[in-house]
Amino acid sequence: MNAEKLISNGAGALISIAALGAAAQLSISLPESVSVAPITGQSLAVLLIAHLLKETWATIAVGIYILIGILGAPVFAGFEGGWEKFSGPSLGYFVGFIAATIVCGLLARKQEERFKFYFLQMFIGSVLILLCGWLGLFRFLDAKTAFVKGVLPFLPGALIKLTIGAILLSVIRRFKGFMKAV
């Protein structure tokens, strides 16, 4: 890898880490009787990062973000951080972020640059995040309650986020094409 590409990817990873921290603060807290975790912008950021940086650099960025949060930096939802926050009910979702960056980053390398493929890629990533989140909740809840509190409340937001993400990627693709023509 040449130095220019390394610097570009490194800068992209740093921007991604900051974007994840900011997206975590775009948060809607639901009552504990409804949900185990807040609805945040993190999954949208993760899926965009996976597409834009591809699997290696996206996984590095998301992994560093999680590590920074584990070490206590207030980068998780509600400006929280630390091992307790990481290892609680949100642990499965954090694992899902890593799984989604790997899978969606690989898909981004192989798929055609079109809205329907962006949407499908983000759908797969969202399913991975929610599946890992659901499985992670088995430490605290039975399977049905984990699904009701750990998946169902997030489905409407996931649909909205993956639609927004696919639109954003389409706009970025068009802008890149426009810049090449100029």
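Which residues have the most contacts inside the largest nonpolar core? They are L20 and Y65. The views below come from a predicted model, in which local features need pLDDT of at least 70 and side-chain atom pairs count only at pLDDT 80 or more, while totals for chains, interfaces and linings use all residues. Residues are numbered from 1 along each chain as its sequence is written, and side-chain values use heavy atoms, with hydrogens and water left out.

**View 1. The largest nonpolar core.** This core has 41 residues. A nonpolar core is a set of buried Ala, Val, Leu, Ile, Met, Phe, Trp, Tyr and Cys residues joined through side-chain atoms within 4.5 Å; buried means under 20% relative accessible area, exposed over 50%, and partly exposed in between (1.4 Å probe, protein chains only). Two or more residues of the core come from each of α1 (3-25), α2, α4, α5 and α7. Helix α2 gives the largest share, 14 residues. Helices (H or I, at least four residues) and strands (E, at least two) are DSSP runs, numbered from the N terminus.

**View 2. Surroundings of Y65.** Apart from neighbours within four places in sequence, Y65 is in contact (heavy atoms within 4.5 Å) with I17, L20, G21, A24, Q42, V75 and F76.

**View 3. The largest cavity.** The structure holds one cavity of 30 Å³ or more, and about 290 Å³ of space lies in the largest cavity. A cavity is a set of points, on a 1 Å grid over the protein atoms alone, where a 1.4 Å probe fits but cannot get out; lining residues have an atom within 4 Å of a point. Grid points are joined across faces, edges and corners, and the volume is the space filled by probe spheres set on the points. Of the 19 lining residues, P38, T40, Q42, Y93 and F97 lie nearest the centre. At least two lining residues are supplied by each of β2 (39-40), α2 (42-70), α4 (91-110), α5 (115-136) and α7 (155-181). The lining comprises twelve nonpolar, five polar and two charged residues (Ala, Val, Leu, Ile, Met, Phe, Trp, Tyr, Cys and Pro count as nonpolar, Asp, Glu, Lys and Arg as charged, and the others, Gly among them, as polar).

**View 4. Salt bridges.** The structure holds two salt bridges, each defined by a side-chain nitrogen of Lys or Arg within 4 Å of a carboxyl oxygen of Asp or Glu. In one, the closest N and O atoms of R109 and E55 are 2.9 Å apart. R109 lies in helix α4 and E55 in helix α2, so this pair ties together parts 54 residues apart in sequence. E55 counts as buried, at 16% relative accessibility. R114 forms a salt bridge with E112, with closest N and O atoms 3.6 Å apart. R114 is partly exposed at 39% relative accessibility, and E112 is partly exposed at 45%.

Conventions: On a 1 Å grid over the protein atoms alone, a cavity is a set of points where a 1.4 Å probe fits but cannot get out, and a pocket is an open set with protein on both sides within 12 Å along at least five of seven lines; lining residues have an atom within 4 Å of a point.
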